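Hi,

Here's the structure I promised to send over. Have a look at it first, and then read on for what turned up.

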Amino acid sequence: MKFPTSRRRFLELTTAVTGALAGCKRTGAQEDEGPRIIGQPLSKYGERSVFEKSARSLPTTKILENGSSLTPLQDSYGIITPSALHYERHHAGVPAINPAEHRLLIHGLVERPLIFTMDEIRRLPSISRIYFLECSGNSRDGWGAKPAPSVQLSHGMVSCSEWTGVPLSLLLSEAGVRPAAKWILAEGADACKMQRSIPLEKAMNDILLAYGQNGEALRPEQGYPLRLLIPGWEGNASVKWLRRVKLIEEPYMVRDETSKYTDLMPDGTARQFTFVMDAKSVVTFPSAGQKLPGPGFYEITGLAWTGRGRIERVEISTDSGANWQRTELQEPRFSLAFTRFRFPWRWDGHEAVIASRATDETGYVQPSKDELIAARGVSSDYHYNGIRPWKLMANGRVTNV
Ligand SMILES: Nc1nc2c(c(=O)[nH]1)N[C@H]1C(S)=C(S)[C@@H](COP(=O)(O)O)O[C@H]1N2
Ligand SMILES: [Mo]
C-alpha cells in the first residue's frame with residue numbers, strides 16, 4: 001500500500017488525526033464480553049442498516065410525476081452513487097415496463113431496419129463503464145441571488161454509476177447507416193415519449209445502450225429495461241425507457257431542444273444543443289446545513305467531474321478565494337466520472353469561506369460566478385458550473401453565501 005504523496009504529508013496527517021482524536025475517552029468497557037444475542041437471519045435482497053437515513057429529497061409540490069428527486073451528495077463516500085439514491089428526473093412518471101415485451105426499433109436512414117428484444121440485446125458483446133450523469137439544470141440556483149441551503153438542494157441532480165450495456169455503434173453498424181444520416185432521434189416509452197436529436201458522430205463514438213447499473217439491472221427510475229447513457233453530455237439527452245432510434249439528416253427540433261434545454265445569451269440569441277457538461281466541483285463536507293462541533297482537524301472533501309474527460313486538478317480555498325491549495329485526488333481517475341477530492345485541514349475556529357475549483361484535462365478551469373456571468377449573461381437557466389462557496393461561521397454552522 002502506498003501512503004498519500006510523501007512522508008512529510010503522512011506525518012502532517014498523523015499529527016492532525018492525533019489532534020482530532022484528543023477528546024476520545026479510553027475505558028475498559030469494550031473488553032467485557034456483554035450479552036450474546038443471536039442476530040438477523042440470512043436474506044435474499046440486502047437492506048442498509050436501520051440506522052442509516054440518507055435519502056433523496058423530493059420536491060415540495062404535489063405533483064411527483066414531473067420533477068426531480070435529488071441525490072444526498074453530503075452523505076456520499078467515494079465516487080459511486082448507490083442506485084437507490086441516484087437522482088431522478090421524470091417528465092411523465094416511471095413507466096412499468098415488462099422486459100419480455102419491450103422492443104427497440106432502429107430505423108430511418110438505414111440499410112436494414114431492425115427490432116431487438118431485450119434478450120437479443122443482452123446476447124451482444126457488452127462493456128461496463130463508470131460515468132456521471134447530470135441534469136443540465138443542476139446547480140441552476142447559482143444564477144440567482146439566493147443560493148440553495150444545502151449541497152443536496154443545489155447540486156443533487158448529478159450521480160455516478162457503473163453502467164453496463166452495448167455500444168450503440170454496434171447496433172447502428174448492424175442496421176447499416178446510410179451516408180445521408182447525420183443525427184439520430186431517440187425516443188422513450190414513457191407517457192411523454194421523450195425525444196432528443198443527437199449527432200451521429202457521438203452515437204458512433206461512446207454512447208451506451210445501458211441495461212445494467214452498479215452490478216444489477218437498471219432501476220425503473222433510471223430507465224428499466226433500457227436507456228441511452230451519453231457520457232459527459234447533459235442528462236436530458238440520455239433517453240430512458242428507450243424504444244426507438246431513428247437515423248435522420250437533421251435534428252427534429254423537438255420540445256426538449258427548442259422550448260427547453262437552450263440558453264438565452266446576452267445578445268438575444270440562444271445557444272442550442274449545448275450537450276457537453278463543463279467542469280464542475282463542489283465541497284460536500286463541510287457544506288451548507290452542516291455543523292462542525294468545534295475547532296480542530298477536518299477532512300474537507302467533495303466531488304468533481306467534467307464532460308471533457310478526466311479531472312486533472314481540484315484546489316481548495318478556505319479564505320474566500322484569496323489562496324488556493326491542491327487537494328489529493330482519488331485514484332484511479334476515470335474519464336467522464338466523479339473524482340473524489342480530499343484535503344486535510346485544521347480549523348482555527350474563525351469564520352471561513354470554503355470553496356473548490358476544478359480543472360480538467362483540457363486545461364478548462366471552473367469559472368467564478370462573475371466570470372460565468374461575463375461570458376453567458378444572466379438569462380441562462382441551464383449549465384451553471386460556477387465555483388460554489390460555503391461559509392463556515394465561528395459557531396460551527398455552515399451556510400450558503
Ligand atoms: N424517456 C425519458 N427519458 C429521460 C427523461 C424523461 O423524463 N423521460 N428525463 C431526462 C432528463 S431531463 C434527465 S436529467 C435524465 C435523468 O436520468 P435519471 O432519472 O436516471 O437520473 O434522464 C433523461 N431521460
Ligand atoms: Mo434533466
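Which atom of ligand 1 does a polar side-chain atom of Q222 lie 3.0 Å from? It's an oxygen atom of the ligand. Keep in mind that this is a predicted model.

R89 has a backbone N or O atom 3.0 Å from an oxygen atom of ligand 1, while S238 puts a backbone N or O atom 3.1 Å from a nitrogen atom of the ligand.

Now for the shell. Ligand 1 is surrounded by 21 residues, and the closest are Y87, H91, D190, R227 and K240. Sorted by class, the shell has eight polar, seven nonpolar and six charged residues. The element that gives the most to it is strand β2 (residues 88-90), which puts in three residues.

One more thing, about a sheet. Five strands make up an open, antiparallel sheet, in the order β18-β17-β21-β22-β23. The edges are β18 (325-326) and β23 (398-400); each has a single partner strand, so one side of each has no neighbour in the sheet. For β23 that partner is β22 (residues 390-392), and three bridges join the two, running antiparallel. One of the bridge pairs is W390 with N400 of β23.

Cheers

Conventions
Residues are numbered from 1 along each chain as its sequence is written. Chains are lettered from A and ligands numbered from 1 in the order in which they are written. This is a predicted model: local features need pLDDT of at least 70, side-chain atom pairs count only at pLDDT 80 or more; totals for chains, interfaces and linings use all residues. Side-chain values use heavy atoms; hydrogens and water are left out. A residue is near a molecule or strand if one of its heavy atoms lies within 4 Å of it. A polar contact is a pair of N or O atoms within 3.5 Å; within protein, one must be able to donate a hydrogen and the other to accept it, and residues adjacent in sequence count only if both atoms are side-chain atoms. Helices (H or I, at least four residues) and strands (E, at least two) are DSSP runs, numbered from the N terminus. Ala, Val, Leu, Ile, Met, Phe, Trp, Tyr, Cys and Pro count as nonpolar, Asp, Glu, Lys and Arg as charged, and the others, Gly among them, as polar. Two strands pair if DSSP finds at least two bridges between them.
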